[in-house]
Amino acid sequence: MKRTLLAALLVLSIGTPAQAHFQMLYTPQMAMEKGGTLDLKLVFTHPFEAGHTMNMGAPQEFFMVHKGEKTDLKDTLKKITWTSLTNSGDAYEAKVKARSMGDYVLCLVPEPYFEANEDGYIQQITKVILNNGGMPTDWDAPVGLPAEIEPLDKPYALWTGNVFRGVVLSEGKPVPGAEIEVEFLNHPPVPGKNEFQKAALATAPQDAFVTLTIKADADGEFVFGIPKAGWWGFAALGVGPLKTYKGKDNSQDAVIWVQAVDMQ
Amino acid sequence: MRLFIATLALAGVLGAASAAMAHTPLFSCFDNGDSTISCEGGFSDGSSAAGVAVHLLGADGKVLAEHKLNDYSEVTIKKPDGAYSVQFDAGEGHRIKIAGSDIVE
């Protein structure tokens with residue numbers, strides 16, 4: 001709520017719509033027909049508006065879990081410049097081989113980002129689960145991140161109109177009443193380029209629709225009905241144990257992305 | 001009706017697309033670039049395909065070699081000369097054939 005209030009104050013002061021920070025870990029398709037080389041983009045931005053893209057520092061951790069085995073991917077990272085609709089910022093990309101069938105749980109622990117407007121840091125620990133060939137292997141097992149969303153539905157196998165359910169975890173334990181921001185990737189990346197597409201897929205009638213805020217129940221579980229095909233991000237705010245960083249407040253958030261597709 | 005659905009599932013699988021039905025067999029192969037291919041089998045409920053037979057078939061459909069998936073549900077096979085296909089054979093209604101021309105690096 002604190003972050004929402006600060007964002008609202010920022011809106012009043014400079015007149016831009018309220019929008020949430022989201023760490024993206026993007027590849028065009030979460031559910032792959034065939035394996036190959038994943039083309040991953042790591043961008044810290046505001047996905048509904050494709051607005052201000054923040055400069056990412058060198059990630060603290062970047063790895064994947066496949067069939068229970070953890071592989072460090074930090075060496076695959078390459079710094080790039082990402083162009084949003086309003087600016088450019090430091091981001092990363094990676095190419096990762098994923099030929100074997102099963103789930104690929106990609107995890108990113110970024111360097112905390114100093115948000116001057118909030119006089120504090122934001123660290124969004126991000127998980128994206130891809131699948132090759134339809135064989136489920138790892139999607140429902142928590143990785144053990146300090147802040148994590150455990151999916152109760154496969155994030156890569158959702159029809160438009162399905163619900164996505166998850167449990168917010170802090171050091172492996174559910175977080176009752178956790179506040180979760182939900183945002184639609186309204187300007188998907190342009191294939192082959194490090195930029196968002198200019199055309200929006202949806203229009204929000206009012207600011208409360210740009211960043212949707214929901215709450216987990218007493219067991220840390222949340223449910224969200226998915227109204228439109230595409231990528232949806234979920235960020236459970238400040239649930240991680242690292243509350244301060246370099247002498248300032250740190251919001252250690254748990255992020256997960258899901259992708260819904262239309263029935264055709 | 002069940003046979004009809006199973007037939008449809010098999011038809012979908014043979015059509016080189018995945019078939020999203022309960023307990024669907026899954027099979028995937030890629031070319032290692034060293035005259036061998038690696039194949040992997042499984043089921044949509046996550047169960048293992050260890051021990052399932054994998055047949056290497058010639059252009060005429062005749063069996064050239066028989067293999068079994070290992071404990072990791074994988075097998076590596078030497079490519080034959082000429083056209084070929086590979087069949088995952090977990091029994092009636094649970095067979096998947098992949099043409100060699102669809103197996104790429």
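**Entry 1: the sheet of chain B**

I count two strands as paired if DSSP finds at least two bridges between them. I applied this to a predicted model. In chain B I found an open sheet of three strands, with the order 1-2-5 and antiparallel pairing. I then asked which strands of chain B stand at the edges. They are strand 1 (25-31) and strand 5 (74-78); each has a single partner strand, so one side of each is left without a neighbour in the sheet. I noted a twist that averages 20 degrees from one strand to the next.

I looked up the pairing of strand 1 with strand 2 (residues 36-43) of chain B and recorded seven bridges in the antiparallel sense. As a reference point on strand 2 I took B:Ser38, the bridge partner of B:Phe30.

**Entry 2: a sheet of chain A**

In chain A I examined an open sheet of four strands; the order is 1-3-7-6 and the pairing is antiparallel. Its edges are strand 1 (22-26) and strand 6 (78-83), and since each has a single partner strand, one side of each is left without a neighbour in the sheet.

Strand 1 of chain A runs antiparallel to strand 3 (residues 36-45), and five bridges join them. Within strand 3, I located A:Lys41 opposite A:Tyr26.

**Entry 3: A:Thr244**

I placed A:Thr244 in strand 19 (residues 244-245) of chain A. Setting aside neighbours within four places in sequence, I found A:Thr244 in contact with A:Asp249 and A:Asn250. I also checked A:Thr244 against A:Ile122: the two are 122 residues apart in sequence, and their C-alpha atoms are 9.9 Å apart in space.

**Entry 4: the interface of chain A and chain B**

I asked how many residues each chain brings to the contact. Chain A gives 11 residues and chain B gives 19 residues. Of the area that chain A buries against chain B, A:Arg99, A:Met101 and A:Met135 supply 51%, more than any other three residues. Between them the two chains bury about 1,000 Å², with 50% of it on carbon and sulfur atoms.

I next looked for salt bridges across this interface and found one. It joins A:Lys67 to B:Glu40, with the closest N and O atoms 2.1 Å apart. By class, I recorded three nonpolar, three polar and five charged residues on the side of chain A that touches chain B. For polar contact between the two chains, I counted four residue pairs, both residues at pLDDT 80 or more.

How values were computed
Residues numbered from 1 in each chain as written. Chains lettered and ligands numbered in written order. Predicted model: local features only at pLDDT ≥ 70, side-chain atom pairs only at ≥ 80, totals over all residues. Heavy atoms only, no water. Contact = heavy atoms within 4.5 Å. Buried area = accessible area lost by both parts, 1.4 Å probe. Salt bridge = Lys/Arg side-chain N within 4 Å of Asp/Glu carboxyl O. Polar contact = N/O pair within 3.5 Å; in protein donor to acceptor, adjacent residues only side chain to side chain. Nonpolar A, V, L, I, M, F, W, Y, C, P; charged D, E, K, R; others polar. Helix = DSSP H or I, 4+ residues; strand = E, 2+ residues; numbered from the N terminus. Axes fitted to C-alpha atoms, helices over the stretch in contact; angles between N-to-C directions.
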